[in-house]
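I set down what I looked up, in the order in which I looked.

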Amino acid sequence: MNLYERNQKQRTFFNEKIDSYDQVHETYMETKKMLADCLDKDTTKILDLGAGTGLELIHLFEVYPNASVTVIDISENMLRELSKRDFANRVTMICGDFFEKDFGNNYDAVISTSALHHFKPEEKRILYKKIFDCLKSDGLFLNCDKISSSQEEQDHSLYELENNIDNYKHIDTPLTVENEISILEQVGFVDIFSSEVDKSNYRLIKSRKGK
Ligand SMILES: C[S@@+](CC[C@H](N)C(=O)[O-])C[C@H]1O[C@@H](n2cnc3c(N)ncnc32)[C@H](O)[C@@H]1O
């Protein structure tokens with residue numbers, strides 16, 4: 001199954017999860033809040049990759065009421081829920097695949113949570129370069145996401161993705177923190193820091209475009 005087909009499978013998965021999504025993700029609210037808490041104080045223009053129903057944006061608009069946020073998400077049902085939120089008129093919604101949609105440019109920050117752990121390392125390199133390119137000079141990339149605890153765990157999930165994908169409705173393939181950092185460095189990010197969050201299988205990784 002190629003990347004396009006896998007991403008369409010994700011779209012179906014999240015479209016079908018819509019009725020229980022917010023309830024299931026309630027326990028992740030602290031990880032989502034960290035995004036807004038770690039932004040630079042003068043942040044205005046933000047891109048949120050895989051915003052889903054917009055849970056991380058609830059806190060973000062409390063802290064940054066004047067923010068201008070663009071979101072890209074492949075699931076139309078998730079975005080339909082986002083459009084019901086009281087801050088929806090401050091959000092530009094783009095329904096589509098990260099690998100196909102234009103990101104725009106000149107963002108102060110790109111944020112993402114729980115949305116980027118389904119890609120192979122070579123696919124992440126393409127995605128992270130696209131993120132790098134859409135940021136303004138010194139812009140920030142904040143990703144709070146699932147990580148693998150070991151190389152073996154990463155290798156196992158990537159093996160399943162490559163060889164047994166038909167057995168899964170949904171498969172997570174998080175990379176280790178070390179591999180995440182290595183890819184960020186390869187595309188040019190600097191000042192890369194990873195911190196623990198309240199979920200042991202998650203990390204917040206903060207990186208900068210540089211001046
Ligand atoms: C687990 S949800 C996270 C939603 C939100 N960030 C949150 O933390 O509640 C992952 C989101 O990423 C979106 N997504 C996954 N793969 C995508 C892709 N290739 N392109 C665009 N969106 C994608 C899904 O549709 C889904 O809404």
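Entry 1, helix 3. I noted that Thr31, Lys32, Leu35 and Ala36 are buried in helix 3, residues 29–37. Seen down the helix axis, these buried residues fall within an arc of 155°, so they line one face of helix 3. I took the arc from the directions from the helix axis to the C-beta atoms. Buried means under 20% relative accessible area, exposed over 50% and partly exposed in between, with a 1.4 Å probe and protein chains only. Helices (H or I, at least four residues) and strands (E, at least two) are DSSP runs, numbered from the N terminus. The buried residues of helix 3 pack against helix 2 (21–24), helix 4 (55–63), strand 4, strand 5 and strand 7 (202–208).

Basis. The model is predicted: local features need pLDDT of at least 70, side-chain atom pairs count only at pLDDT 80 or more, and totals for chains, interfaces and linings use all residues. Residues are numbered from 1 along each chain as its sequence is written, and side-chain values use heavy atoms, with hydrogens and water left out.

Of its 31 residues, Phe103, Tyr128, Ile131, Phe141 and Phe189 touch the most other members. Helix 6 gives the most to this core, with 5 residues. For Phe103 I listed contacts (heavy atoms within 4.5 Å). Leaving aside neighbours within four places in sequence, Phe103 is in contact with Leu47, Leu49, Ile72, Phe98, Leu127, Lys130, Ile131 and Cys134.

On a 1 Å grid over the protein atoms alone, a cavity is a set of points where a 1.4 Å probe fits but cannot get out; a pocket is an open set with protein on both sides within 12 Å along at least five of seven lines; and lining residues have an atom within 4 Å of a point. The largest pocket is lined by 16 residues, of which His25, His117, His170, Asp172 and Tyr202 lie nearest its centre. Helix 1 gives the most to this pocket's lining, with 3 residues.

I then turned to the largest cavity, which is lined by 23 residues. Phe14, Gly50, Asp73, Phe98 and Ala115 lie nearest the centre of this cavity. Helix 1 gives the most to its lining, with 3 residues. Helix 1 also supplies the largest share of the lining of the second largest cavity, 4 residues. I recorded that His170 is one of the residues lining that second cavity.

Note on methods:
Core = buried A, V, L, I, M, F, W, Y, C linked by side-chain atoms within 4.5 Å.
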